Amino acid sequence: MDTMRERFVDVTTRLLDEDPRLALVLADITAASFDPAHERHPDRVVNVGIREQLLIGAAGGLALTGMRPIAHTFASFLVERPFEQVKLSLSHQGVGAVLVSAGGSYDNPAAGRTHMAPGDVALLDTLPDWTVHVPGHPEEAERLLRHAYADGDRNVYVRLSAQQNETPVAIEPGRLTAVRTGRGGVVVAVGPVLDAVLAATEGLDATVLYAATVRPFDRAGLRAALDAPSGRGDVVLVEPYLAGTSAHAVHEALADRPHRLLALGVPRAEHRHYGSMAEHLAAYGLDAAGLRERIGTFLW
């Protein structure tokens with residue numbers, strides 16, 4: 001199986017060949033993989049080096065000329081470091097770009113805290129009208145990348161990670177997908193945590209909904225799942241980034257009805273122990289064993 005990042009390179013290279021309106025802006029990360037595309041399109045594949053503020057500023061300038069830019073680097077360098085440029089060069093200017101990250105929350109923890117970005121989606125939530133996709137498989141990444149590129153001139157964030165599910169889900173961008181039905185509450189699994197959630201809820205009478213798009217949040221889909229016969233107003237939200245990032249979206253969807261919510265994800269704590277991705281998942285209770293204990297305790 002290829003990785004989501006490898007699929008991004010393949011899809012974007014093909015889009016560059018197909019559409020002269022597309023421009024790709026890089027900041028060294030993954031740049032070598034786009035060397036063939038740069039040779040064919042030297043005016044539309046730009047590597048600004050490790051200057052992430054310029055990365056976003058250049059994307060905003062290209063958008064102002066009518067092009068559809070894709071900007072790419074690690075999540076911590078794409079959203080957190082140049083956030084002022086994201087706010088001003090894109091949102092405030094009223095232009096759109098596709099930001100495609102790699103690295104997830106802790107794909108490469110040995111690189112240190114500089115390469116960890118569990119707060120990226122929460123940070124983008126402070127800006128209006130962003131679409132946020134969190135694919136859990138390379139097939140989903142390709143579908144969402146193509147959807148993001150074709151999504152008019154909207155601002156779209158596509159969050160890629162080395163953590164991925166074994167098989168893809170037949171997703172519809174922007175919609176929750178039911179992968180298991182039950183009567184003991186609803187568990188919403190976001191992107192690459194789906195496999196762990198399915199393992200954790202095996203044998204439990206719960207509905208599992210899958211979200212590869214978290215903004216806008218599919219409020220109608222969540223309400224429909226809770227409206228099922230004998231459904232309960234209990235929701236568990238499992239996100240592969242900062243715990244509670246989408247809690248407000250769940251509460252807004254269910255504001256007119258009694259409900260309980262358990263929001264799971266990366267804790268709001270300083271991360272000083274690096275280790276491996278698997279060790280991070282276990283430490284945060286986001287592996288199957290940790291999830292089963294917390295989901296089971298909450299729902300039963």
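Two residues are in contact when they have heavy atoms within 4.5 Å of each other. In this predicted model, 75% of the contacts in the protein chain between residues at least 6 apart in sequence join residues at least 24 apart. Residues are numbered from 1 along each chain as its sequence is written, and side-chain values use heavy atoms, with hydrogens and water left out. Local features need pLDDT of at least 70 and side-chain atom pairs count only at pLDDT 80 or more, whereas totals for chains, interfaces and linings use all residues.

**Overall form**

- The protein chain has 12 helices and 12 strands, these being DSSP runs (helices H or I, at least four residues; strands E, at least two) numbered from the N terminus.
- The C-alpha trace of the protein chain spans about 60 × 40 × 35 Å along its principal axes.
- Of the 300 residues of the protein chain, 57% count as buried, meaning under 20% relative accessible area with a 1.4 Å probe, protein chains only.

**Annotated region**

- UniProt, in an unreviewed entry, places the feature "domain: Transketolase-like pyrimidine-binding" at residues 2-168, and such annotations may be inferred rather than shown by experiment.
- Over residues 2-168 the chain is 40% helix and 17% strand, with the end C-alpha atoms 12 Å apart.

**Thr177**

- Thr177 lies in strand E7, which covers residues 177-180, and Thr177 counts as buried because its relative accessibility is 17%.
- Leaving aside neighbours within four places in sequence, Thr177 is in contact with Val169, Ala170, Ile171, Glu172, Val208, Leu209 and Tyr210.

How values were computed. Buried < 20%, exposed > 50% of the residue type's maximum accessible area, 1.4 Å probe, protein only.
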